[in-house]
Amino acid sequence: MKVLIVDDEIKISNVIHKGLRQYGIESMAAFDGEVALELLSAEAFDLVILDIILPKVNGWEICKHIRQELRLSVPILMLSAMGKTEHVIKGLDAGADDFLAKPFKIEELAARVRALYRRNHQYAAVQPALLNAAGLTLDLNRMEVQRDGQLISLTAKEFELLKCFMQQPGRVLTREQLLEAAWGIGFDTGTNVVDVYINYLRRKLEADGSPRILHTKIGAGYYLSME
């Protein structure tokens, strides 16, 4: 596994590099956003560990560039002292897969890296290119979604969450199941991030007055209508 560490604090970057090496994980470092983007354009990485506050290009913009310009599906783990719910949501909206607040334990960081890598490779091996349910079509290669033929613009994390429902239409999914599937193992279940993103999805899926297809099962979770 080859990881790109993007952090302007050299001491932290070195700690991560040495810690990951103990688990057999190789890494490279970039200390500003421009260098990170150059490396991502030139080389293939299995995962990116990304700080938010960086010289030249910040972590939010790097995330967006990876997803929207480079169109890479490489897992992104945001690592930052900015750990409030609004920061977590902003990072996930930009395209991150997981978020770990500083200070952190290297054992937990390594575990999250392994889990994201494992999930990404298992997903790539078995996932069909198109998902269809409830009048929706999800194109996993283009990262596009249509409802009754009309293109709907979603953020990377909204897309990931909708994919969870379309893989199991009609099944009630708990908040914990959605957190694990869309955000990764070990994500903080004390936040209301799932409810926030469900509301985001509903607004976009129902923007033209279309009937609701993403429903709440009180006391249980959410499900995608089969109709």
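At roughly what angle do the axes of helix α6 and helix α8 cross? The axes of α6 (residues 156–167) and α8 (residues 193–205) cross at roughly 85 degrees and come within 10 Å. Axes here are lines fitted to C-alpha atoms, for helices over the stretch in contact, and angles run from 0 to 180 degrees between N-to-C directions. Helices (H or I, at least four residues) and strands (E, at least two) are DSSP runs, numbered from the N terminus. Angles under 35 degrees count as roughly parallel, over 145 as roughly antiparallel, 65 to 115 as roughly perpendicular and the rest as oblique. The helices α6 and α8 are therefore roughly perpendicular to each other.

This is a predicted model, in which local features need pLDDT of at least 70, side-chain atom pairs count only at pLDDT 80 or more, and totals for chains, interfaces and linings use all residues. Residues are numbered from 1 along each chain as its sequence is written, and side-chain values use heavy atoms, with hydrogens and water left out.

On the α6 side, Lys-157, Glu-158, Leu-161, Leu-162 and Phe-165 meet residues of α8, among them Tyr-197, Ile-198 and Leu-201. Contact means heavy atoms within 4.5 Å. By class, this contact of α6 with α8 has eight nonpolar, no polar and three charged residues. Ala, Val, Leu, Ile, Met, Phe, Trp, Tyr, Cys and Pro count as nonpolar, Asp, Glu, Lys and Arg as charged, and the others, Gly among them, as polar.

The chain as a whole is divided into domain 1 (2–122) and domain 2 (130–224), with bounds that come from an automatic or database domain assignment. Their C-alpha centres lie 25 Å apart. Across the boundary, 14 residues of domain 1 are in contact with 21 residues of domain 2.

Both domains give residues to the lining of the second largest pocket, so this pocket lies between them. A pocket is an open set of points on a 1 Å grid over the protein atoms alone, where a 1.4 Å probe fits, with protein on both sides within 12 Å along at least five of seven lines; lining residues have an atom within 4 Å of a point. Of the 17 lining residues, those closest to the pocket centre are Gln-68, Met-143, Leu-154, Thr-155 and Ala-156. The largest share of the lining, three residues, comes from α3. By class, the lining has eight nonpolar, three polar and six charged residues.

His-87 is found in helix α4. Leaving aside neighbours within four places in sequence, His-87 is in contact with Trp-60, Met-82 and Phe-99. His-87 and Phe-99 are twelve residues apart in sequence and 9.3 Å apart in space, C-alpha to C-alpha.

Some backbone details remain. Most residues other than glycine have a negative phi, and most peptide bonds are trans. A cis peptide bond joins Lys-102 and Pro-103, with omega about -5 degrees. Pro-103 is in the loop between β5 (98–101) and α5 (106–126). Arg-71, in the loop between α3 and β4 (76–80), has a positive phi of about 55 degrees.
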